[in-house]
Amino acid sequence: MEEVAIIGIGCTPVGEPWHKSLRNMAVESTWAAMEDAAIDQVDALIVGNMSSGNFNDQESLGSLIADYAGLGNISAFKVEGACGSGGAAFNAGVMAVASGMHDTVCVTGVEKMTDVVGDNATKILANAADREYESIHGISFVGLNAMIMRRYMYDYNVKKEDLCAFPVNSHKNAVHNKYAMFRQEIKMDAVLNSPMVADPMTLMECAPICDGAASAIITTKERAREYTDTPVIVKGSSLKVDTIGVHDRKTVTSMKATVTAANDAYKQSGLSPSDIQTVELHDAFSIMGAIGLEDLGFAERGKGARFAAEGQIGIGGKLPCCTFGGLKARGHPVGATGLYQIIELSKNLRGEGVVDAECGLAQNIGGTGSTVSVTILGRG
Amino acid sequence: MKTIKDIGIVGYGAYVPMYRIKNSDIARVWGNDPIRVPVKEKSVPGPDEDACTIACEAARNAILRAALDPKKLGAVWVGTESKPYAVKPTATIVAEVIGATPLINAADWEFACKAGTEALQGALGYVGSGMSDYAMAIGVDTAQGQPADALEYTAAAGGSAMIVGPASEALATYEASCSFVTDTPDFWRRQYEHYPKHASRFTGMPAYFYHITNAAKNLCSEVGKEPNDFDYVIFHQPNAKFPMAAAGMLGVDKEKVIPGLISPYIGNTYAGSAVLGLAAVFDVAKPGDTVLCVSYGSGAGSDAFSFTMTDKIDEVRNNAPNVKSYIGRRVSIDYATYARYRQKIRM
Amino acid sequence: MSVPRHWRESVKRYRLIGSKCKACGKVHYPERTVCPLCKSRELEPFQFKGNGKIYSYTIIWAPPEGYEYCKPYAAALVELEEGEIVTTQLTDCDLEKIEIGMPVEIVLRKLFAYGESGIIVYGYKFRPVLPIL
Ligand SMILES: [Zn+2]
């Protein structure tokens, strides 16, 4: 198998760009990444997207984006894994290059969520869960995570204040990120006092509904030096699934898919959690941040929130997390999120970021932990 | 009217929604005297309840008491004027929910407030003739009164299910019944209208009292009894006053009416009213007690039934929640919440 | 509005019918056609009694489209007597008094309706066990 490297990255600002369509955004980020790699053609385009059929009445994204990006009749298709679509697309891209099937692949994650109104978006996001046996009961995606959160707080006697450390950290880190949706710091009180969305989860513990597109150009490690002096090496890339329904898990306070994907990625890279210097956590909800730290091996069971509350996930801390604002503050355009994580991690490894790191990890979750990809990147 | 076969009620089940609105609150909103109100409070269905869901819980309770394999039912008949679908039977849903499909007759019956006892008459005939071993009749409504109208104070929600079967398995055996109808337009709702209309005081003497008393008297003469010979008497309950007045006209002691009189606490459950009263009596009657139940439906008519309790009542009574438990489970809501739950605010 | 989709599931939702593995005896809700425990494909319908206790819960203040009618409402993971966990709404309950471990029982309710003219989707919800007086 070939080793894989990232040679170009690009994205659109996350937010509510009313004038831009799904295809505008995808084309913009695809070309930003190609320009970064100084190329004007790829062999394949893999699109990560959760629900264009529902958000935009549009499928065939492989064709649409390749066509409008001027890439001609290349290999192109969409990969879907709910909010983990971006990570899944990246994993597919890595497989395509590692196998020798394609030389250069562009992976683009895109989601245009604001074409529908709020409660409709809530309904579409709930499609990430089991429609017939979870969503049918009127349980929003936030609601499912709130039930996980309540059980976590009950099992480990965790206070909500500790969980607030995740959104507070992400907002702080978004200030310097010109692509972030919310570039202002928030205080714990603001999180605690924000409106209740699904008890015990408040609004400011949840990532926003927004639009964005992010792309990465990958090729073999061997070829990477032809394009750039600062290639980022894919040291590990794994995707695992778990039961679609939360109700079918032995425990709801750990995500088996994260644990197994992380073990797999650690094994591929020959690294262990202690080697990881920065993490892009899937902090769509505060609780996911806490459970993520535990499942990835950075904190003991039930101690993830404390780990964050003690300041260890800050930029100057032991393990800087969500260094560009995470899902909470950079924004969470669902199918694009996995790619935003990859390019943010790449910036840090290329020395263009806010953390000086040799090695970093990204965790992208689809559903309530039903699809999880873990990527470990390192300096070339 | 008597049947060929010896039959009776082999199972019964009730249901009343949890929410209540005080009559004084309704009076306050519309500028009326909060003291002079027809009942204390009335039941209000929750936002996820309708005649079908109420029928289902009553039916499940009846099945529990009858300890019957639902597949043995030959009919599930739902009497209601608040069908969730104008066209599409409620009864097929109920039959599916309790597991009685597909070899069964299922239909909805309509006769204003006596739709439930109309269905019961049908079930008695169905089983009494030998067409089926068992049949279920349900009276249920989520009645809607027009805001500010006199009926808004009482239009309530609830229901009761009765399973008719062989007398040998009955908790109450059936002696006879009488149906008494005339064309009397005291209350109606035209097609596509949201709320019913009524003819005010005309609903009293020529309507309710005329039909109730005549049905009761005719039944009594058939079984050779006086109304006051029964141990318990249930009348349709549009309010708290009418049943007591009917008792007076028929010479029935008031104590015999009280156990089955539930309208003061939950209002008028329309097609559920007489059958819920009957269920409340079944909850307390002793073996050997005799029961007279007389319904009334506008338009107009009454069904009167004579039952005798058997030993079986003591065995099955506690196999499902009683009427008292449902009445006791109450949460008061204000008029605004009631208006929202009952979709009185059109959006 | 998809009528067949709801019709297909309706009986399972009305009566809480899942499946039981003929090979290893494990019961499942929702229904499965392959036993995830032993991979047997010999399963039979299994009706759950509908009694359980709350494993976790939430109160939904921002409902998905179509569920605004009963907002705010509680949702829960209910651990059934038979051992499976079911995702459900709670109804007829005091939102302030819900707690993990609270006993609940099945009832049939409206889940949602397709507007004023479409079909009504019925299914199970759970409520605090009715106290008998
Ligand atoms: Zn098995």
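Is C:Asp92 buried or exposed? C:Asp92 is buried, with a relative accessible area of 8%, where buried means under 20%, exposed over 50% and partly exposed in between, with a 1.4 Å probe and protein chains only.

1. Basis of the note. This is a predicted model, in which local features need pLDDT of at least 70 and side-chain atom pairs count only at pLDDT 80 or more, whereas totals for chains, interfaces and linings use all residues. Residues are numbered from 1 along each chain as its sequence is written, chains are lettered from A and ligands numbered from 1 in the order in which they are written, and side-chain values use heavy atoms, with hydrogens and water left out.

2. Salt bridge between chains. C:Asp92 pairs with B:Arg329 in a salt bridge whose closest N and O atoms are 3.0 Å apart, the rule being a side-chain nitrogen of Lys or Arg within 4 Å of a carboxyl oxygen of Asp or Glu. B:Arg329 lies in the loop between α11 (323-328) and β14 (331-332) of chain B and C:Asp92 in the loop between β6 (85-90) and β7 (103-113) of chain C, so the pair joins two chains. B:Arg329 counts as buried at 11% relative accessibility, and both residues belong to a network of salt bridges that also links B:Asp48, B:Glu49, C:Arg109 and C:Lys125.

3. Salt bridge within chain B. The side chains of B:Asp283 and B:Arg65 meet at 3.9 Å, N to O, in a salt bridge. Because B:Asp283 lies in the loop between α9 (273-282) and β12 (290-294) of chain B and B:Arg65 in helix α2 (residues 51-66) of chain B, the pair ties together parts that are 218 residues apart in sequence. Both B:Asp283 and B:Arg65 are buried.

4. Domains of chain A. The assignment, which is automatic or taken from a database, gives domain 1 (4-117 + 210-230) and domain 2 (121-208 + 233-379) of chain A. Between them the two domains bury about 3300 Å², 71% of it on carbon and sulfur atoms, buried area being the accessible area (1.4 Å probe) that two parts lose on being put together, summed over both. A:Ile9, A:Val14 and A:Cys83 supply 20% of the area that domain 1 buries against domain 2, more than any other three residues.

5. Contacts across that interface. Contact, meaning heavy atoms within 4.5 Å, involves 48 residues of domain 1 of chain A and 39 residues of domain 2 of chain A. The rule finds 1 salt bridge across the interface of these domains.

Notes. Helices (H or I, at least four residues) and strands (E, at least two) are DSSP runs, numbered from the N terminus.
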